[in-house]
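Here is my note on the model you asked me to look over. Please read it with the structure open beside you.

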Amino acid sequence: MKRYLFLPQAACAFFALCSFGFAATKEIDLKRDVRTAKAVVMGDVDRVYSYYGEDGEIYSDVTLRIGATLKQGPEAPSSLSFTAPGGEVGDVGVLFSTAPHFDAGEPVLVFLDEAANGSLVATAKYAMNQGRVAEFDLSLLELLLQIRQELREIDQPIRDSEWERSSSFLSRTLLRVGRLSASGEISRNLGTPQCYAFMGPKWRTSAVTYKLDASLPANFLPAIASSVASWNTAGTPLRLNVNPFSANVISLGYIAGSGILGQTRVSYIPSTQTIVSFNLVFNRSFTWGTADETNKFDVQSVGTHEFGHSIGLDHPSDSSCSEQTMWASAAMGELKKRSIEAGDTAGILSVYGAVAAPSAPPPSTPVPPPSAPSTPGQAPPTPSFGAMSISGVMASSQPITLQATGTNFVTTSLQFVIRGAGCATSGCVITTPSLQGLSATSATAVFVPRGGGAFTVTLRNSSVGTQSDSAFRFTVAVVQRR
Ligand SMILES: [Zn+2]
């Protein structure tokens, strides 16, 4: 089974379109990329070999059968090898949102840089089995012409023989993949594109946690919580919750490579395509803001995009999808990616499924209409808490699933209040966006106790609502660190 069927045929970087104060355009990004690249080549991916590097990270060595060399690296080679971060070794897979992924057999146009050790590293990849290159909204031929123009401007023109080879490689490739019409024109698929794409693997649990690293400034935290809430309220059972013991770390740090605002590294089990962890980094090289500031990049916008990667979404590749939050680029001062759009929602729903519609309460039970909204100034009803079922390993730092049934649950504001070790006197509060399967009569919360001992759970409708009369009690064992 081919795993990356849905991988977008595009370079996978969340690029800043507008950095260092210039009103930059996509063409200027191409200009920069052509100038900074050590080599620009096209060809067919011959072989991909993945291994652990000395730093413990997985890398892939990619061998390309050269179709043509646009910008000179090594002297007219017939094949060329370069490195790309990520890959699969045994039952461990790693994907980076900012690094291109290569499959054997695919025709590509690749931008290469030189690493400190002298080896070539792929910085961008454009698939040549598509009619158009979405990032630039250009046909492949138009992109080649533009690269040729940029190379002329920096006095490194493509040699005539290589230009001929590149044209014939493009024609052969497009013929092979059926993108060249009989008239010789490059045909464009005019069907309505799906404005979402997948990295491949997904979470096999609905309770995903993340930890906020100390490197994050305080003003990032509410913005990050809002980013997460966008995905938690998309209508699927999947929930991302803060947990100080989580292995999935959100941080502010430096990312190599020009124009990269944020990067998400996803590791997964190749045999089951199951995501097991992720790390999300905001690039410290940029100026970040959380208010509507035209000269800063918005934490919440970039956060929402990067969290989309953390759950397995990739960049949509059709240029008509540029208003989606998972679109690969963002501009300074842009706030539109704070929310998720129709394509993003369709993407998460197709991976994780929709939450089942709330079941109707039993007809014999007199209950108020479900999800009666709480209006300001009027106290919400007090939930009545009938039963609680509990599952999980009853030990500190282990997730415990608490499923409550009862009546009077307000689906827009229900909260679980848990008291015990590691919770302040006001309790550990699990709010509505983090609850699963929420209906007027049932709700499920995932709680990770930070210590051992006795815990009690009560329910309330909103933070000002009255807590349920009954409380559920459970005990957790302390697990010693070894
Ligand atoms: Zn991205």
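**Notes on the predicted model**

1. Start with the largest pocket, which holds about 900 Å³ of space. A pocket here is an open set of points on a 1 Å grid over the protein atoms alone, where a 1.4 Å probe fits, with protein on both sides within 12 Å along at least five of seven lines. The volume is the space filled by probe spheres set on those points, joined across faces, edges and corners.

2. A word on the basis. This is a predicted model, in which local features need pLDDT of at least 70 and side-chain atom pairs count only at pLDDT 80 or more, while totals for chains, interfaces and linings use all residues. Residues are numbered from 1 along each chain as its sequence is written, and side-chain values use heavy atoms, with hydrogens and water left out.

3. Who lines the largest pocket? Helix H4 (220–232) supplies at least two lining residues, as do strands E12 (207–212), E13 (239–242), E24 (428–430) and E25 (442–447). H4 gives the largest share, six residues. Helices (H or I, at least four residues) and strands (E, at least two) are DSSP runs, numbered from the N terminus.

4. The lining of the largest pocket counts 27 nonpolar, 11 polar and one charged residues. Nonpolar covers Ala, Val, Leu, Ile, Met, Phe, Trp, Tyr, Cys and Pro; charged covers Asp, Glu, Lys and Arg; the others, Gly among them, are polar.

5. Next, the metal site. The zinc ion is coordinated by the NE2 atoms of His305, His309 and His315, at 2.0 to 2.1 Å. Along the chain, these donors follow the spacing H-x3-H-x5-H. His305 sits in helix H5 and His315 in the loop between E19 and E20, 10 residues apart. Donors are N, O and S atoms within 2.8 Å of the metal (3.2 Å for Na, K and Ca); water is not among the atoms, so sites may look incomplete.

6. Buried means under 20% relative accessible area, exposed over 50%, and partly exposed in between (1.4 Å probe, protein chains only).

7. Helix H5 spans residues 299–310, 12 residues in total. From first C-alpha to last, H5 reaches 16 Å, close to the 16 Å expected at 1.5 Å a residue. The expected span is 1.5 Å times one less than the number of residues. H5 is mostly covered, with 12 of its 12 residues buried. Among them are Glu306, Phe307 and His309. Just after H5, Gly312 takes a positive phi of about 105 degrees.

8. The structure holds one disulfide. Cys195 and Cys321 form the link, with sulfur atoms 2.1 Å apart; the cut-off for such a pair is 2.5 Å. The angle about the S-S bond is -85 degrees, which is left-handed. Cys195 lies in the loop between helix H3 (160–176) and strand E11 (197–198), and Cys321 in the loop between strands E19 (313–314) and E20 (329–330), so the pair ties together parts that are 126 residues apart in sequence. Both cysteines are buried.

9. Check two backbone angles. Most residues other than glycine have a negative phi. Gln273, not a glycine, has a positive phi of about 55 degrees. Gln273 is in the loop between strands E15 (260–269) and E16 (274–283), and at 8% relative accessibility counts as buried. Asn408 has a phi near 65 degrees, also positive. Asn408 is in the loop between strands E22 (400–407) and E23 (414–419).

10. Last, some contacts across the sequence. Asp44, in strand E2 (residues 39–52), is buried at 11% relative accessibility. Gly90 is in the loop between strands E5 (87–89) and E6 (92–96) and is exposed, at 68% relative accessibility. Gly90 and Ser271 are 181 residues apart along the chain, with 8.8 Å between their C-alpha atoms.

Conventions. 1 Å grid on protein atoms, 1.4 Å probe; cavity = no way out; pocket = protein on both sides within 12 Å on 5 of 7 lines; lining within 4 Å.
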